[in-house]
Amino acid sequence: MLRLLKLVLMLVIIVGATIGATMLIMSRQGIGSSAITSLASTEPPPAPAPIFAELAPFTVTLYGEPRNRILYAGVTLRLADQESRKIIEEYMPDVRDRALRVLSSQDIARVQSPDGQQVLADALRVALARPFAPQPAGPRIADVLFTAFVVQ
């Protein structure tokens, strides 16, 4: 019994010494409980605000059988940076012309399906990302969003 008590007491002393040595080493390296707490409580930085450029709504005639239809589309561009927004705003007449050409060349049946709308958004992104003369590079367009889409 006395021997078991000595063994337990020795084990407690070893564990205590190990904990004390660990705390001493951590305090010398500047890793205290306050540093660990502050690392755990830091929040990731907020995501940057999205950059959008809203275009005035478009109304185009879609030619087809058995009759022609009207497409009304509201388009907003999600841009990668402020420089792209500046290019879009400066070249707005060219932007609208390119968008009108793409929209008016659409097939009625295809544009009414969800897949067709995605193809249309991709076509608009490609057309609007081309450089505007005399710019060496076009705007960086991350996505084309339809805010209104009606075919009559």
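1. Let me start with a charged pair: arginine 125 forms a salt bridge with aspartate 122, and their closest N and O atoms are 2.7 Å apart. The term salt bridge here means a side-chain nitrogen of Lys or Arg within 4 Å of a carboxyl oxygen of Asp or Glu. Both residues sit in helix H6, three residues apart, which is about one turn of the helix. Helices (H or I, at least four residues) and strands (E, at least two) are DSSP runs, numbered from the N terminus.

2. A word on the source before going further. This is a predicted model, in which local features need pLDDT of at least 70 and side-chain atom pairs count only at pLDDT 80 or more, while totals for chains, interfaces and linings use all residues. Residues are numbered from 1 along each chain as its sequence is written, and side-chain values use heavy atoms, with hydrogens and water left out.

3. Through shared partners, salt bridges join Arg78, Asp122, Arg125 and Asp143 into one network.

4. The link to arginine 78 also runs through aspartate 143: these two form a salt bridge with their closest N and O atoms 3.8 Å apart. Aspartate 143 lies in strand S3 and arginine 78 in strand S2, so the pair ties together parts that are 65 residues apart in sequence. Aspartate 143 is partly exposed, with a relative accessible area of 23%, and arginine 78 is partly exposed at 32%. How many salt bridges are there in the whole structure? A search finds six.

5. Now to the strands. S1 (residues 51-62) and S2 (residues 69-79) run antiparallel and are joined by 10 bridges; two strands pair if DSSP finds at least two bridges between them. A hairpin of six residues connects S1 to S2. Leucine 62 stands opposite arginine 69 in S2, and isoleucine 51 stands opposite leucine 79 in S2.

6. S2 also pairs with S3 (residues 141-151), again in the antiparallel sense, over nine bridges. Within this pairing, glycine 74 has alanine 148 in S3 as its bridge partner.

7. One cavity of 30 Å³ or more is counted, and the largest cavity holds about 30 Å³ of space. A cavity is a set of points, on a 1 Å grid over the protein atoms alone, where a 1.4 Å probe fits but cannot get out, and lining residues have an atom within 4 Å of a point. Grid points are joined across faces, edges and corners, and the volume is the space filled by probe spheres set on the points. The lining includes Leu55, Phe58, Val75, Leu124 and Val144. S1, S2, helix H4 (92-104) and helix H6 (114-129) each supply at least two of the lining residues.

8. Leu11, Val15, Ile19 and Met23 make a nonpolar surface patch of about 410 Å². Patches take residues with over 30% relative accessible area and no salt bridge, joining like charges within 9 Å and nonpolar side chains (Val, Leu, Ile, Met, Phe, Trp, Tyr) within 5 Å; accessible areas come from the Shrake-Rupley method with a 1.4 Å probe, and for residues only the protein chains shown count as cover. Isoleucine 19 is found in helix H1 (residues 2-28) and is partly exposed at 49% relative accessibility. Valine 15 lies in helix H1 as well, and is partly exposed at 44%.

Notes
Buried < 20%, exposed > 50% of the residue type's maximum accessible area, 1.4 Å probe, protein only. 1 Å grid on protein atoms, 1.4 Å probe; cavity = no way out; pocket = protein on both sides within 12 Å on 5 of 7 lines; lining within 4 Å.
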